Amino acid sequence: MSTAEKSIIADLSLAPEGRLKIDWVQAHMPVLNTIREQFEKEQPFKGLKVTIALHLEAKTAYLAKVVKAGGAEVTITGSNPLSTQDDVCAALVEDGITVFAKYNPSPKEFKELNIKALEWKPDLIIDDGGDLATILHSEHPEFGENLRGGAEETTTGIIRLKAMEKDGSLRYPMVAVNDAYCKHLFDNRYGTGQSVWDGINRTTNLVVAGKTVVVVGYGWCGKGVAMRAKGLGANVIVTEIDAIKAVEAYMDGFAVMPMIEAAKAGEFFVTVTGNRDVIRGEHYAVMKNGAIISNAGHFDVEANKLELAALSDSVRTVRRNIEEYKLKDGRSIYLLAEGRLVNLAAGDGHPAEIMDMTFALQAVALKYVNEHYQQIGHKVVNVPYELDERVARLKLESLGFGIDKLTDEQIAYLDSWKEAE
Ligand SMILES: NC(=O)c1ccc[n+]([C@@H]2O[C@H](COP(=O)([O-])OP(=O)(O)OC[C@H]3O[C@@H](n4cnc5c(N)ncnc54)[C@H](O)[C@@H]3O)[C@@H](O)[C@H]2O)c1
């Protein structure tokens with residue numbers, strides 16, 4: 001069967017548009033280009049089946065092609081119902097990758113597409129948010145019988161995998177790509193920071209300068225979202241549950257207060273905690289008329305949609321990716337992209353240069369877990385520092401500048417406690 005016959009996508013005729021998108025990002029992903037060249041020579045995945053679940057847009061498509069260039073047969077599925085781009089899926093199918101993904105499937109169909117991508121019993125997986133892991137550990141353990149291990153993209157997935165490791169249920173090794181320096185320092189902070197505002201701006205087409213933006217959660221992503229909100233001229237309020245992060249936000253120049261107070265002041269809200277119900281009924285009750293809520297955390301549970309609906313008389317789509325909840329007291333609250341990751345569901349995700357490093361890490365992490373899965377055992381492990389550093393060095397090379405090297409005297413000085421005088 002051809003990949004077109006095996007795949008489930010929206011429309012194969014969209015391939016030319018998708019190909020242009022992939023060509024554009026490839027031209028801006030020099031680190032991944034270098035890794036692709038190495039994979040073409042070394043064939044680290046020769047004869048292996050790889051299933052990938054990621055936000056299925058052009059940068060992800062290029063990662064899938066790099067893994068294929070390393071000798072793998074690749075099947076790919078989406079990691080969010082609204083972030084799949086149908087034209088990109090079509091181009092991938094033409095490139096010999098089996099795709100099970102469509103834009104905006106029903107929740108049931110979305111799950112079925114994820115399951116389909118696992119049915120062929122992969123040797124390796126790349127997961128985002130732990131959806132594949134959940135299927136392989138609960139509903140369909142039989143699809144994991146050949147599995148050597150895999151790599152997990154994001155904070156939320158790693159939290160879920162560590163919970164599995166802790167209660168002894170994790171069945172294969174997973175590399176925590178999110179925890180690598182070249183991932184969270186750049187992707188979560190600069191990638192999310194920029195692309196969240198791109199998503200909000202292109203969706204609302206409203207001014208940010210002078211307005212009050214509430215950033216809920218001051219982790220790696222929240223720092224980026226707050227930094228870029230400030231750059232756009234907003235007054236930024238941060239809410240946190242962690243005292244250290246709250247002090248950090250204060251020292252970075254932001255107002256810090258509990259959500260119940262911030263809820264009264266905010267005009268834009270961005271949740272980015274990886275937690276649930278961080279905006280809920282009591283907060284909607286005091287929000288200004290016209291407040292705009294968006295989420296950048298992995299799941300659409302950060303703003304409680306059921307409680308918002310319960311307070312409302314009606315809901316209508318007022319613009320693509322904007323739903324107006326008309327509250328019983330007459331106020332309107334707007335929710336972007338159904339509360340799903342606004343940068344991916346209402347935008348194109350992170351810039352290609354950022355995903356260049358993230359997906360370079362995914363590629364080397366996959367090779368690493370394939371080479372070491374027996375030694376690692378059923379654990380969540382970090383990307384080894386040498387691989388993380390190698391990605392940074394390739395990035396520097398692509399930028400065309402170098403850094404200093406330690407002299408022998410400096411190495412001796414840093415290694416010795418006697419040379420302190
Ligand atoms: N949109 C994207 O493209 C993108 C990119 C990377 C990560 N993510 C996702 O974003 C989320 C956050 O990731 P991160 O790397 O910043 O995580 P993080 O752990 O660095 O930060 C999360 C922060 O939220 C805070 N928090 C938790 N509950 C809270 C609450 N009730 N109120 C206020 N603050 C609260 C935590 O104290 C922490 O500081 C995760 O779901 C992750 O998977 C999204």
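Leaving aside neighbours within four places in sequence, Lys395 is in contact with Val31, Glu353 and Met357, where contact means heavy atoms within 4.5 Å. Lys395 is found in helix α17, residues 385-399, helices being DSSP runs of H or I with at least four residues and strands being runs of E with at least two, both numbered from the N terminus. The model is a predicted one, in which local features need pLDDT of at least 70 and side-chain atom pairs count only at pLDDT 80 or more, while totals for chains, interfaces and linings use all residues. Residues are numbered from 1 along each chain as its sequence is written, and side-chain values use heavy atoms, with hydrogens and water left out.

**Charged side chains**

- Lys395 is buried yet has no salt bridge, and the nearest side chain of opposite charge, Asp356, is 4.7 Å away.
- Buried means under 20% relative accessible area, exposed means over 50%, and partly exposed lies in between, with a 1.4 Å probe and protein chains only.
- Lys and Arg count as positive and Asp and Glu as negative, while His and the chain ends are not counted.
- A salt bridge is a side-chain nitrogen of Lys or Arg within 4 Å of a carboxyl oxygen of Asp or Glu, and by this rule the count comes to 27 salt bridges.
- Glu389 and Arg393 form a salt bridge whose closest N and O atoms are 3.1 Å apart; both residues lie in helix α17, 4 residues apart, which is about one turn of the helix.
- Glu389 is partly exposed because its relative accessible area is 31%, and Arg393 also counts as partly exposed because its value is 42%.
- Arg316 and Glu324 meet through their side chains in a salt bridge of 2.6 Å, N to O; Arg316 is exposed, with a relative accessible area of 52%, whereas Glu324 is buried at 6%.
- Arg340 forms a salt bridge with Glu338, with 3.8 Å between the closest N and O atoms; Arg340 is buried at 16% relative accessibility, while Glu338 is partly exposed at 30%.
- A network of salt bridges links Arg19, Lys65, Glu94 and Asp95.

**Asparagines in loops**

- Most residues other than glycine have a negative phi.
- Asn104, although not a glycine, has a positive phi of about 55°; Asn104 lies in the loop between β3 (98-100) and α6 (107-118), and counts as partly exposed because its relative accessibility is 43%.
- Asn321, again not a glycine, has a positive phi of about 70°; Asn321 sits in the loop between β12 (312-319) and β13 (322-327), and counts as buried because its relative accessibility is 17%.
- Asn275 is found in the loop between β10 (268-271) and α13 (281-284), and, leaving aside neighbours within four places in sequence, Asn275 is in contact with Val301 and Glu302.
- The C-alpha atoms of Asn275 and Thr156 are separated by 8.7 Å, although these residues are 119 residues apart along the chain.

**The cavity**

- The structure holds 1 cavity of 30 Å³ or more, a cavity being a set of points, on a 1 Å grid over the protein atoms alone, where a 1.4 Å probe fits but cannot get out.
- The largest cavity has a volume of about 40 Å³, a volume being the space filled by probe spheres set on the points, with grid points joined across faces, edges and corners.
- Residues that line the largest cavity, meaning that they have an atom within 4 Å of a point, include Thr77, Phe100, Lys102 and Leu113.
- The elements that give two or more residues to this lining are β2 (73-78) and α6.

Notes:
On a 1 Å grid over the protein atoms alone, a cavity is a set of points where a 1.4 Å probe fits but cannot get out, and a pocket is an open set with protein on both sides within 12 Å along at least five of seven lines; lining residues have an atom within 4 Å of a point.
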